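Hi,

Here is the structure I said I would pass on. Have a look at it first, and my notes follow below.

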Amino acid sequence: MTTFVLLLAATCVSPDGRNAISFEGGERPVWCATRDGKPVTAACDFGLRFARDPEMRALDVVSERTRRVDATWHDRFGGNWEVRDNANETTVLFRERDGLRRTVGVVMRAYDEGVAFRHLVPEQPGMANFAVAGERTTFRFKGDPLAWYAAYDSHQTSQEGEFLHRSLRSLGPGRFAQLPAVVETPAGFAAICEANLAQWPGAFLTVSAAQKPADCTAFEVALSPAPVDAFGGVAGGSAPACSPWRVLVLADDAIGLVRNKSIVPNLNPPPEGGDAAFDWVKPGASSWDWWYNSNNDLCTSNTMAQIDFAAEMGWPYHTIDAAWYGRPAGAPGLAFEPRPGYDLPAILAHAARRNVGLLLWVHWKLLEANGVEETFAKFERWGVKGVKIDFLNRQDALMVGWCEKTCRIAAKHRLLVNFHGAFHPTGMNRTWPNQITREGVRGNEISKWEIPSDALNPATLVFTRFLAGPGDYTPGGFGNVHARDFVSQIDRGHLYGDMSSAGAAQKIYAEEIGTRAHALALCVALDSPLMTLCDCPERYRGAAGIDLLRRLPTTWRRTVPLAGEIGSHYAVAREAFDGRVYLAAQTVSARALTFDLGFLGGGEWRYEGVADDPELTPREAKAVRRLSGVAQAKDRLSLEMVDEGGALVVFTKK
C-alpha cells in the first residue's frame, strides 16, 4: 500500500537566512514565522472554509516542492527603477485525513524583506466549482502586543481612518482593522498586508472576545461579504484556484519597513502584454479644483486658469472634480455630459493646446449605470486622459472584480484610473499600471471639515498605509497653520457644495496643519505616481517655496529612506529620472537632523531648498528659511525643524 504522507511540516527560509515561515499539518494545522530564530508569530491557524461542505480539519502533508525565485524588473511608477524579486518558495499539498479526502495546498515564500503565503485549491474531482465561506487564517502573537492600525465598524467603508497606536485586543469584537496593520514583536516590526487581490474579497482583521491560548492574541482574517449573494459564500471559484497572498513585511525597525515594502508589488503578476502595453501611461503632478473651495466656484474660466497654471508649473495633468456634470453627482439617471454653462469642449481644447491632460471625476454607480465601456469610449473621443472614480466604499469580491474590469476597459481606451473611496492597495498597480494611484487613505481633505491629528497622520501613514502602495493624499496646501490655530473650513463658515453666486464668492479656503516646509516635504515623501496638488493658483503663484514644485517628479529612479519612527518623523532621499535628487523631511515635534550626503553621486551638486525658520516659523507657519549652496557626497547637511515642520531640498548636478 502506498502512503502519501511524506512529512509533518515544511519550512521556507529567506535567501539571507533571517526570515522563515513554516507550515505543519495534523489535527490542528498551523503556520508560524520567525526572524533571526526569534518568533514573530505564535502558532497561527490557516485554511479555507468551504460553504457547502464540512469544514476541513485534520490534514496530512502529501507533497512538497521547492524552487528559487530570482528576477529583476523595472518599475517606471514606483520608488526604485530596478526591483529585485528574490525569494525561496515552497509549495505544500495537504489532504484530509478523513471525510471527503479533499486536497488543498499552500505556497509560501520567504524574502529578505518578509514572508508570504497563499492558499491553493488544486484541480480534483468535486471541486470544479466551489464557494468559499471564509478563511481560518490568523496572525497570532504572544501576549497583547502594541500595533498601529485603523479601525472601522463595518465592512463598507472608504478606509480613510486614522492609524492609531494601541494593543491588538483594544480593537474589540465586532470591529475591523484595515490592512496594513503594523505589529510590534520581540523580533521586530511586522506589517500585515495582502497582495495580488483578484476575484476574491479584500481582508480586514478582527479580534474575537475569547482568545486561545489565553496568553496570545490573534488577528483573524475577515473576508468582506458581497451585498448580494452571488457566490453562495463570500467568493466562488473553479479549481485550480488560489487566494491572495497573506504577507508579513518584516524589519528590525520602522524605517526598515519602508525599505522592505517591495514585497507587495513583487507578489503581483506583471502587466498583461508586458510593460510595452502600458508605455502610454505618463506619471506626473496634477492641479485640482476641489480641495480649497469644494468646486463652489467651478466654472469654465477658473478651470482654464488652473490649466494655464499647471502648464506654467510643468505639471502634466489637471483633475476636474465632481460638479462638472451636475449634482447630486451620484443621482440615478444622470448622464456624463457637462452641466449647462460649463464649456467642457472648450476646456478640453484649451488643455490640449497647453499640453495638459484632463482627468474627470465620476461616481462609480453612475459609471456602471451609464456603461463603463460606453463611457470610456466617449471620454477617449473627447480627449480625456483619465478618470477619478469615487465612493466605492467596498472590498467584497464583486467590487474587487469590478475594479479589475474597469482597469482593463480603461487600458483599452488609454485612460488612467484613480480610485477614491477605495480599499487598501494590494499591488494592483503593477499588473495594471494605468491604475496609477488610489485613495483608501486619510488624506488632506479631512482638514476641510474636522481637526486632523496635526502632523501625526502623515508621519504615521509612511510606515503603515503607504507600505501597501501609492496613495492619493493630495498634499501641498499653502494655507499653512499650526495646530493651535487651526479651524476647519466648515467651522469658519464655508458652505460646502454651494454653487450659488454666494457660495462662489465666499473664498473661505481650506487650511492645512503644518508649516510651509512640511507641506512641501509631503509632496516628495509620499508615494503617488499621480501626485494631486491641492491648492489654487492664487495661493501658489509667487508664494515661498513654490519653485520647488516646478516640474515636480512623482516617480523615482532610486529611493533611500534615511531616518524615521512611526508617528514621529520621516526623512528620505529620492533620485528623479532627470538626475535631480530630492531630500524631504517631515516631523511632528521639533528636531534637528543631520544627514550624510552619500546618496549623491560623484562631483559637485548645487542645492536649493526650504526649511523651517527657527525664529519665525514657530509663530508663522508659512515662514521658511531658504537654503542654497554647493555640496558633495562626502558632506553633511543639517536641517532644523519646528513642531509640525519639515524641509525640502533639491540637488542638481553642476
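Strand β26 (residues 357-363) and β27 run parallel and are joined by five bridges. Leucine 359 is the residue that stands opposite glycine 386 in β27. Keep in mind throughout that this is a predicted model.

On its way from β27 to β28 the chain passes through helix α7 (residues 397-412), and this β-α-β crossover is right-handed. β27 is joined to strand β28 (residues 416-419) by four bridges, and these two run parallel as well. Valine 387 has valine 417 as its bridge partner in β28.

So how enclosed is β27 (residues 386-390)? Five of its five residues are buried, so the strand is largely enclosed by the rest of the structure. In a regular strand, side chains alternate between the two faces of the sheet. Here both faces are covered: Gly386, Lys388 and Asp390 are buried on one side, Val387 and Ile389 on the other.

Within it, glutamate 404 and arginine 408 sit four residues apart, about one turn of the helix, and their side chains meet in a salt bridge at 3.8 Å, N to O. Glutamate 404 is buried, with a relative accessible area of 19%, while arginine 408 counts as partly exposed at 38%.

Lysine 412, also in helix α7, pairs with glutamate 373 in helix α6 (residues 372-382), which links distant parts of the chain, 39 residues apart. The closest N and O atoms of that salt bridge are 3.3 Å apart. Lysine 412 counts as exposed at 55% relative accessibility, and glutamate 373 is partly exposed at 28%.

The count comes to 40 salt bridges. One I would look at is arginine 35 with aspartate 252, where the closest N and O atoms are 3.0 Å apart. Arginine 35 lies in strand β3 (residues 30-35) and aspartate 252 in the loop between β23 (245-251) and α1 (254-259), so the pair ties together parts that are 217 residues apart in sequence. Which of the two partners is buried, and which is partly exposed? Arginine 35 is the buried one, at 5% relative accessibility, whereas aspartate 252 is partly exposed at 46%. Both belong to a network in which salt bridges with shared partners join Arg18, Arg35, Asp36 and Asp252.

Elsewhere there is an open sheet of three strands, in the order β6-β11-β21, with antiparallel pairing. Its edge strands are β6 (48-50) and β21 (235-237), each of which pairs on one side only. From one strand to the next, the twist averages 45°. Three bridges hold β6 and strand β11 (residues 130-135) in the antiparallel sense, and leucine 48 stands opposite glutamate 135 in β11.

Glycine 161 is in the loop between β14 (151-152) and β15 (164-167), and it is buried at a relative accessible area of 13%. Together with Trp449 and Tyr496, Ile490 makes a nonpolar surface patch of about 280 Å².

Cheers

Definitions and conventions. Residues numbered from 1 in each chain as written. Predicted model: local features only at pLDDT ≥ 70, side-chain atom pairs only at ≥ 80, totals over all residues. Heavy atoms only, no water. Buried < 20%, exposed > 50% of the residue type's maximum accessible area, 1.4 Å probe, protein only. Pairing = 2+ DSSP bridges. Right-handed = clockwise from strand over helix to strand, strands pointing away. Axes fitted to C-alpha atoms, helices over the stretch in contact; angles between N-to-C directions. Patch = residues over 30% accessible without salt bridge, like charges linked within 9 Å, V, L, I, M, F, W, Y side chains within 5 Å. Areas by Shrake-Rupley, 256 points an atom, 1.4 Å probe, with all protein chains shown as cover. Salt bridge = Lys/Arg side-chain N within 4 Å of Asp/Glu carboxyl O.
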